[in-house]
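I opened the model to look up two things. First came a sheet, then a pair of helices.

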Amino acid sequence: MVSFAGAQEALFALSHALLPAGETLAVLTPAFQPLVHTFAERGCRVKTVPLQPEQGWAMDWNRLETVLQQGCRLLIINYPHNPTGTLLTRAELEQLVALCDHHGCRILSDEVFRGLEHEPETRLPALCDLHEQAVSVGVFSKAYALPALRIGWVASRDKQLIQRLQVIRGQISICNSLLDEQLAVRVLAQSEAILQYNRRRIRRNWKALQAWMESHTDTLHCLPPAAGCCAFPCFRDGRDAEGQAEQWIQQQGRMVLPGRLFLGPSSGFRVGFGFDDHMRYYPEI
Ligand SMILES: Cc1ncc(COP(=O)(O)O)c(C=O)c1O
């Protein structure tokens with residue numbers, strides 16, 4: 001394991017450690033943008049594998065297999081998923097690992113929302129525990145809801161990769177803030193209690209948001225999230241969500257992000273329900 005000043009720094013280091021420029025990788029979309037751009041900026045060729053909104057954001061296994069057959073060296077996944085709040089089943093994750101293994105493709109698993117499964121028994125193993133080449137990324141800012149602690153990490157059983165990451169970290173933030181580290185150790189000692197507290201809050205918040213969704217089912221379709229603190233409703237008539245999102249942000253200060261920012265369908269938008277403050281009210285359409 002190597003720690004970094006946040007998951008974003010970990011991803012930056014991985015973009016340098018995992019692949020030389022010019023290699024091809026695949027990302028499931030919609031996606032947290034830096035999962036695409038950090039690697040594209042580094043000079044890698046990024047292929048997208050769109051999740052299928054009509055099938056509950058299911059994996060497009062045919063598209064994935066085609067991309068893997070075309071010499072893809074790395075697949076980036078992110079479950080619990082930002083922005084849709086979906087989760088794979090254990091069987092699906094194992095199928096993914098076997099498929100990538102078969103094609104010689106390594107998996108980078110962004111697990112920053114791991115621990116926020118709405119049903120705790122659906123929590124997936126860290127991918128680095130399932131496969132010796134897999135790479136898991138975590139952070140305190142998401143599942144632990146402690147963004148002020150700028151500490152993230154990369155875990156892998158690949159010792160060479162870990163050594164390379166240590167060298168790269170030596171060229172960027174060098175080491176963590178000692179203060180952050182001391183707080184992080186105290187948080188980890190209470191890890192499950194904190195996650196449980198956060199899960200309770202997002203379940204409560206989701207109920208409030210769900211009531212709002214249900215009063216707009218003629219206009220919006222939203223798959224109830226299985227994990228994390230975001231959902232991705234889409235307008236049923238296919239209208240572009242950007243204008244509406246802009247209006248909500250400008251007029252009501254809601255944190256609503258249009259699907260375009262996640263390389264997802266333009267009729268969709270991400271809503272967050274991590275903070276109680278988000279839940280005061282939701283706007284009229
Ligand atoms: C899926 C995902 N990965 C990584 C990060 C980066 O986390 P941090 O900003 O705490 O480094 C984020 C932040 O929003 C995220 O949503």
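I started with β9, which two bridges join to strand β12 (residues 269–272); the two run antiparallel. I took strands (E, at least two residues) and helices (H or I, at least four) as DSSP runs, numbered from the N terminus. Strands pair if DSSP finds at least two bridges between them. Ala231 stands opposite Val271 in β12.

This is a predicted model: local features need pLDDT of at least 70, side-chain atom pairs count only at pLDDT 80 or more, and totals for chains, interfaces and linings use all residues. Residues are numbered from 1 along each chain as its sequence is written, and side-chain values use heavy atoms, with hydrogens and water left out.

Next I traced the sheet. It is open, has three strands in the order β9-β12-β11, and pairs antiparallel. β9 (230–231) and β11 (256–258) are at the edges with a single partner strand each, so one side of each lacks a neighbour in the sheet.

Then I turned to the helices. Which helices pack at an angle of about 25 degrees? They are α3 (residues 61–69) and α4 (residues 90–102), with axes 11 Å apart. Axes are lines fitted to C-alpha atoms, for helices over the stretch in contact; angles run from 0 to 180 degrees between N-to-C directions. α3 and α4 are therefore roughly parallel (angles under 35 degrees).

I listed the contacts (heavy atoms within 4.5 Å). Trp61, Leu64, Glu65 and Leu68 in α3 meet Glu92, Gln95, Leu96, Leu99 and Cys100 in α4.

Methods:
Angles under 35 degrees count as roughly parallel, over 145 as roughly antiparallel, 65 to 115 as roughly perpendicular and the rest as oblique.
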